[in-house]
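Let's take a walk through this fold together. Have the sequence and the model side by side as you read.

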Amino acid sequence: MVKERKTATIQTMLDELEMEMVPFSRHLFNASWQWQQYDIISKNVPPNWVVFCMDFGENYSCKSQDEAQGAHWSNVQATIHPVVASYRCTEEGCTRTVTDSMMFISNDTKHCNHGVQHFSKTAIKQLQEKGVKVEKLVHFTDGASSQYKSKINFSDVSLSISYFGFQTEKHYFGSRHGKGPCDREIGVLKKQANINVAARQAEIANAFDLYNFGKENLTRPSIPGEHVHEKRSFIFVQEGKINRNRPDHTDVETLKGTQRLHCVTGTDKPYVVAYRERSYFCHTCMTRIGKCSNEDITGTWNISNLKGVKGKTRTDDLAANINRSRNRKKDAVVGSDDVDLPENASSFSSQNATKDMTESDDVALPNNPSRSQNGEKDSGWIR
Ligand SMILES: [Zn+2]
Ligand SMILES: [Zn+2]
């Protein structure tokens, strides 16, 4: 921003200030509201839900204490992208929440929506391999359009049920605010790496060295299998692994009013998303049955087809569905076996998919060519 000198009366200044206070206070309100929602849901995660907080850290510049080599390495950068997952502890009889930081390190430095989807998908796979059941995934991120908040992310969300068998919701912090756990995790890694390089106890010449450094020094628990509630693991993503040729995800239309929305969720229909201005996690919002008591803050749900198909949109139809299901299913909760929404409410429900998931012990992902075309293999956490 370039500052410029202006001359005007005090009254003009006051008027302009007053005008700017409106969007400014909206911005502050969004930031604190969205942060509160993350705080609430990540500390009280419903059973079989997983909450992700994600962010790209500033790239790590690889370095050595040796001057000559230091110069040689000075342009080598490593991407750091934590996925901090919160979920219920999987130990029998334990009801505590686990904070599980999956630190993605990569020599792919593009920082784009496709990378985010790759990290998210890999994190889910890792959790499922550890026995974490996922019936609903909640993302919290900032609203950077090239990474987290664009039509590509929205189509990923809309295809979540068909690809993974569970619904994904995206929630956004007010711009540039509140990335608490990610900032902390990035800080821990960078600080420890810098200390060890300065003390000549480590040489980090490239992203793979950084991954190895983290894995050897900062993995939690240090004794595998120990019953703890703070976990950290490192995952290396080799350049070339991120699939950026995904026409089924990119050939979609832009969602209007993207800037104002802080909450987007998939529906049962591919490419159809529901969105509203702000997040909330009351029983009504979580079961999607009924009208939220905080609707004046969250705003009403809108529905849009990213393929531009002009179907029936939210407004009256959805409201009618919501009301009908409210009357029929007052006690329905996510995951309960007897959820039986009226046929036309399926445009905005994950109940059937959720039911299928709970019936099978093994939450194997459905076969889908676009998931495995990178030929991923379980070679440790190198993905
Ligand atoms: Zn526990
Ligand atoms: Zn609500």
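This is a predicted model: local features need pLDDT of at least 70, side-chain atom pairs count only at pLDDT 80 or more; totals for chains, interfaces and linings use all residues.

Residues are numbered from 1 along each chain as its sequence is written, and chains are lettered from A and ligands numbered from 1 in the order in which they are written.

Start with strand 1, residues 49–54. (Strands here are DSSP runs of E with at least two residues, helices are runs of H or I with at least four, and both are numbered from the N terminus.) Six of its six residues are buried, so strand 1 is largely enclosed by the rest of the structure. Buried means that 20 or more other C-beta atoms lie within 10 Å of a residue's own; 12 or fewer makes it exposed, anything in between partly exposed, and C-beta atoms are placed from the backbone. In a regular strand, side chains alternate between the two faces of the sheet. Here both faces are covered, with Trp-49, Val-51 and Cys-53 buried on one side and Val-50, Phe-52 and Met-54 buried on the other.

Which strands pair with strand 1? Pairing requires at least two DSSP bridges between two strands. Strand 5 (residues 136–141) runs parallel to strand 1 and is joined to it by five bridges, with Val-50 partnered by Leu-137. Strand 3 (residues 77–88) runs antiparallel and is joined by four bridges, one of which links Cys-53 to Val-84.

Now turn to the helices. The axes of helix 6 (residues 180–198) and helix 7 (residues 207–218) come within 11 Å and cross at roughly 100°. Axes are lines fitted to C-alpha atoms over the stretch in contact, and angles run from 0 to 180 degrees between N-to-C directions. That makes helix 6 roughly perpendicular to helix 7, a label for angles of 65 to 115 degrees. Helix 6 contributes Val-188, Leu-189, Gln-192 and Ala-193 to the contact, and helix 7 contributes Leu-210, Phe-213, Gly-214, Asn-217 and Leu-218; contact means C-beta atoms within 7 Å.

Finally, some loops. Arg-200, between helix 6 and helix 7, has a positive phi of about 55° although it is not a glycine. Arg-200 counts as exposed because it has 10 C-beta neighbours inside 10 Å.

Definitions and conventions. Angles under 35 degrees count as roughly parallel, over 145 as roughly antiparallel, 65 to 115 as roughly perpendicular and the rest as oblique. Two residues are in contact if their C-beta atoms, placed from the backbone, lie within 7 Å.
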